[in-house]
Amino acid sequence: MNMLEKLTELDKQPSFRVLQNHTEFSQWLEIVERLKPKVGIEIGTRFGGSAGATVELLPTVETYITVDKTHCEFEHPRVVKVNGNSLRLDTQSQVTHVLNGREVDFAFIDGFHSFRGVCAD
């Protein structure tokens, strides 16, 4: 089963709501999968669908940090949620604390939907 088919199947589960375009998101996951990442970060989590899909479809990811201003109800043992504005120093400090010296292997930036906002993140 290819990544698009896996994502489509996963999205049928009631606990997932992947809002991204499935074709584009599955292509992104395929690229990231080649890195065999251990640590990832997502800025702009909202409902947690993309975070859930990422940790379910990329089994090498040991820690996935999500950052969002709103509380996300999604739970997963490999997901660490940081509530706050990604542009604020206190939020960035929380992320640094979670990383504990580890490097981020990949980032999914889906917070501010403008060029300036993405560059700031």
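Predicted model: local features only at pLDDT ≥ 70, side-chain atom pairs only at ≥ 80, totals over all residues.

Biologist: How many aromatic pairs does the structure hold?

Modeller: It holds five aromatic pairs. In one of them, the ring centres of Phe25 and Trp28 are 5.5 Å apart and the planes lie at 20°, so this pair is stacked. The reasoning needs one cut-off: planes under 30 degrees apart count as stacked.

Biologist: Where do Phe25 and Trp28 sit relative to each other in helix α2?

Modeller: They are three residues apart in α2, which covers residues 22-33, so about one helical turn separates them.

Biologist: Is Phe25 buried or exposed?

Modeller: Phe25 is buried, because its relative accessibility is 3% and the limit for that class is under 20%. Phe25 also pairs with Phe108: the centres are 5.4 Å apart and the planes stand at 65°, so that pair is edge-to-face. The cut-off for edge-to-face is over 60 degrees.

Biologist: Which parts does the pair of Phe25 and Phe108 tie together?

Modeller: Phe25 belongs to helix α2 and Phe108 to strand β4, residues 106-109, so the pair links parts that are 83 residues apart in sequence. Phe108 is buried as well, with a relative accessibility of 11%.

Biologist: Which residues form the aromatic cluster?

Modeller: One cluster is formed by Phe25, Trp28, Tyr64, Phe106 and Phe108. A ring can also be read against a charge. Here the charged end of Arg17 sits over the ring of Phe47, at 3.9 Å from the ring centre.

Biologist: Now the helices. At what angle do α2 and α3 cross?

Modeller: For a helix pair, take the distance between axes, the angle and the hand, then list the contacts. The axes of α2 and α3, the latter being residues 49-57, come within 11 Å and cross at roughly 40°. That angle makes α2 oblique to α3, since angles under 35 degrees would count as roughly parallel. The crossing is right-handed. On the α2 side the contact is made by Phe25, Trp28, Leu29 and Glu33, and on the α3 side by Ser50, Ala53, Thr54 and Leu57.

Biologist: How do α1 and α3 pack?

Modeller: Their axes are 11 Å apart, at an angle of about 125°. The two helices are therefore oblique to each other, and their crossing is right-handed. From α1, Met3, Lys6, Leu7 and Leu10 meet Gly52, Ala53, Glu56 and Leu57 of α3.

Biologist: And what is the angle between α1 and α2?

Modeller: It is about 120°, with the axes 9 Å apart. This pair is therefore oblique, and α1 passes α2 in a right-handed crossing. Met3, Leu4, Leu7, Thr8 and Asp11 of α1 meet a set of α2 residues that includes His22, Phe25, Ser26 and Leu29.

Biologist: What lies in the loop between α1 and α2?

Modeller: Pro14 is placed in that loop, with α1 spanning 3-11. Its relative accessibility is 84%, so Pro14 counts as exposed. Pro14 and Leu57 are 43 residues apart in sequence, and their C-alpha atoms are 17 Å apart.

Biologist: How far is Val32 from Asp105 in sequence and in space?

Modeller: They are 73 residues apart in sequence and 8.8 Å apart in space, C-alpha to C-alpha. Val32 is in helix α2 and counts as buried because its relative accessibility is 5%. Leaving out residues up to four places away in sequence, Val32 touches Pro37, Leu58 and Phe106. Phe106 is also one of the residues in the aromatic cluster.

Biologist: Let us end with a strand residue. Which residues is Thr63 in contact with, apart from its neighbours within four places in sequence?

Modeller: The contacts of Thr63 are Lys38, Val39, Gly40, Arg78, Val80 and Arg102. Thr63 is in strand β2, residues 63-68, and its relative accessible area of 11% makes it buried.

Definitions and conventions. Residues numbered from 1 in each chain as written. Heavy atoms only, no water. Phe/Tyr/Trp six-rings, centres within 6.5 Å; stacked < 30°, edge-to-face > 60°. Helix = DSSP H or I, 4+ residues; strand = E, 2+ residues; numbered from the N terminus. Buried < 20%, exposed > 50% of the residue type's maximum accessible area, 1.4 Å probe, protein only. Lys NZ or Arg CZ within 6 Å of the ring centre and 35° of its normal. Axes fitted to C-alpha atoms, helices over the stretch in contact; angles between N-to-C directions. Parallel < 35°, antiparallel > 145°, perpendicular 65-115°, else oblique. Left-handed = near helix turned anticlockwise from the far one by under 90°. Contact = heavy atoms within 4.5 Å.
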